[in-house]
Amino acid sequence: MGKLFGTDGVRGRVNQHPMTAETALAIGRATACLFRRDGHVGHIVVGKDTRLSGDIVESARVAGICSMGAQVILAGVIPTPAISFLTANSRADAGIMISASHNPYYDNGIKIFSGNGRKLPDDMEAAVERMVLRNEFDSHFPESHALGKAMRMDDARGRYIAFLKRTIPPGMNLEGMKLILDCANGATYQVGPDTFNELEASVKTLFHEPDGKNINLECGSQHPERLAEEVVRTGADCGFAFDGDGDRMIAVDEKGAILTGDQILTLCAAAMKEEGTLTNNLVVRTVMSNIGMTLALRTMGIDYTITDVGDRYVFEEMVAKGASLGGEDSGHLIFLQHHTTGDGILSALQVLAAMRKAKKPLSELASAMTVYPQVLMNVETRSRPDLATVPAVSRAIEEAEKALGDKGRVLVRYSGTQNLCRVMVEGPTREETERHCKNITDIVRAELG
C-alpha cells in the first residue's frame, strides 16, 4: 500500500487505492487513536458532500472511529469550511470532511481538521498514515462496553448559517440585491441559498439538484459559463459559483465577466485597507498569482508575500506574518479574522459587503486589477534536474524575463505529481506571451524530453 496523503488530504477514485472502504475504516481508527487522551472520550465531527460514494466512505469512517471508542457527530451534507467551523465551535477533538472538492463524482477524498478547525498539520497526517500503513491497531481496541456511537447534529446547517451572517457588518443586509448562485450540485446546494435568502437578497439558484453523479458536472467554479449567461439574461447584480465542497468561489460581475480569484482577492484587499482591517497592510498570495495583481497591489500601496501553491501554505504564511487576507487564483480565499480555511460562501459575502460599502457595481471594483495574458504549457520529461543546472533552459528563462521586464513574468517548475515541467509566462500581450512560452517550452523539450 502506497502513500495516502497528498497536498490536501487523501483523494482518489473510489474502490481503488487509496479510496477504498477498508482504507477509510483504517483512517477512521487512526484518527480516533490520534485524538484519544487519558480519561477522555474523543468526539469527531463528520460531514460529506453529495457524491454517490459519500455514504460508503462515511459508513466506513464511522465504523472505524466508533470501533476505537470515540464518538461521531454526523453533520450530514455540508461544505468543508462548515466542518472546520463546527469542529471548533462544538469543541470537538477533530473534524473529517468526505469530499474530493472539484473532482468528478467517481472520486472521493478525506480531509481531517484538528480541534481548532485547522487542517491537520503534516506531522499528525504522518502519524495517521503510519498507523494505517502498518496496521497498528491491535493494542488500541477498547473493551466492548467502551465502543463509541454516532449521533446526528440536527442544527449543523443553522449554526453554520448563523456564523456566516456574522461575518458581514452588523445591521447590513442584502435587500434589493439580485444574485445568481451556482452550487455545483454539491455541498452548498442547501446552505448557500438559505444564507443569502436570510440576508434578504433575491436569489436564483443553478445546479442545486444533486443526484450523486452530477456534482461539478459542467458547472460550479470550474465551469462558470452558464452562470455568466444567466447573470446577463436576468439582469442580476452578480453571480457566484462554488465548487463541490464549497471551499472556493468564482464570481461573475453584472456584465457577465468571469472574475479570477486574484481579482476578488485584490478588490477585497482594497476594501479591507479602506476599513482598516487589512492587518500589517499585507496580502498573502501564491506563485501562480497573475502579475496584474502584483501591479495593482503596488499601486494601492499594499504589501504582499508569496507562497507555494496550496491553501495550506497560504494559511501558514498568514499566521506567520500576521496577515488577515490571503488566497489563490483558483478561488480559495482566506479571511483570517473570520475563518481558518477557504470558504466560498463567506468569500461571496465579503464581496457583497464591499459592494454595499462602496455603493459600486462589481465590475467597477474588479477594475482595480488588470488580468495580464497568461499561457501555460506542459512538457513531459525523462528526468527532473535542477533547472538552474541546465544552461539552455536557464538562459531561455533569463532572456524572456529580461524582455518582459516588469510587464510580465516567467515561472518554470516541475509538477508535484507527474513527470511534467510546467512553463507559465505572463505578459502585456497574448502574442508576446505565447512567443516566449513556446520558445522556453521547445528548449525544455529538447533538453529534458
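Student: Does C33 count as buried or exposed?

Tutor: Start with the cut-offs: under 20% relative accessible area is buried, over 50% is exposed, and partly exposed lies in between, with a 1.4 Å probe and protein chains only. C33 counts as buried because its relative accessibility is 12%. Before going on, note that this is a predicted model: local features need pLDDT of at least 70, side-chain atom pairs count only at pLDDT 80 or more, and totals for chains, interfaces and linings use all residues. Residues are numbered from 1 along each chain as its sequence is written, and side-chain values use heavy atoms, with hydrogens and water left out.

Student: How many disulfides does a search of the whole structure find?

Tutor: A disulfide is a pair of cysteine sulfur atoms within 2.5 Å. The search finds zero. For C33, the closest cysteine sulfur is in C66, 13 Å away, so it is too far for a bond. C421 is in no disulfide either; its nearest cysteine sulfur, that of C437, is 10 Å away. C421 counts as buried because its relative accessibility is 0%.

Student: Next, a helix. Which residues of α9 are buried?

Tutor: Helices (H or I, at least four residues) and strands (E, at least two) are DSSP runs, numbered from the N terminus. An α-helix has 3.6 residues a turn, so residues three or four places apart point the same way. Helix α9 covers residues 291-300, and its buried residues are I291, G292, M293, T294, A296 and L297.

Student: What do those buried residues pack against?

Tutor: Packing is read from contacts, meaning heavy atoms within 4.5 Å. The partners are helix α8 (261-275) and the strands β12 (282-286), β13 (303-307), β17 (409-414) and β18 (420-426).

Student: What is found at the start of α9, and what just after it?

Tutor: At the start, a side-chain oxygen of N290 comes within 2.7 Å of the backbone nitrogen of G292. That is a polar contact: a pair of N or O atoms within 3.5 Å, where within protein one must be able to donate a hydrogen and the other to accept it, and residues adjacent in sequence count only if both atoms are side-chain atoms. Just after α9, G301 has a positive phi of about 70 degrees.

Student: Which residues does N281 touch, beyond four places in sequence?

Tutor: They are K273, G301, I302 and D303. N281 sits in the loop between α8 and β12. N281 is partly exposed because its relative accessibility is 21%. N281 and D303 are 22 residues apart along the chain, yet their C-alpha atoms are separated by 6.0 Å.

Student: What does the side chain of S67 reach?

Tutor: The backbone oxygen of G64, at 2.7 Å. S67 belongs to helix α2 (residues 54-67). S67 counts as buried because its relative accessibility is 17%. Leaving aside neighbours within four places in sequence, S67 contacts R29, F141, P142 and L147.

Student: Which element gives the largest share of the lining of the second largest pocket?

Tutor: Helix α8, with five residues. That pocket has about 250 Å³ of space. Its lining has seven nonpolar, no polar and five charged residues.

How values were computed
1 Å grid on protein atoms, 1.4 Å probe; cavity = no way out; pocket = protein on both sides within 12 Å on 5 of 7 lines; lining within 4 Å. Points joined across faces, edges and corners; volume = space filled by probe spheres on them. Nonpolar A, V, L, I, M, F, W, Y, C, P; charged D, E, K, R; others polar.
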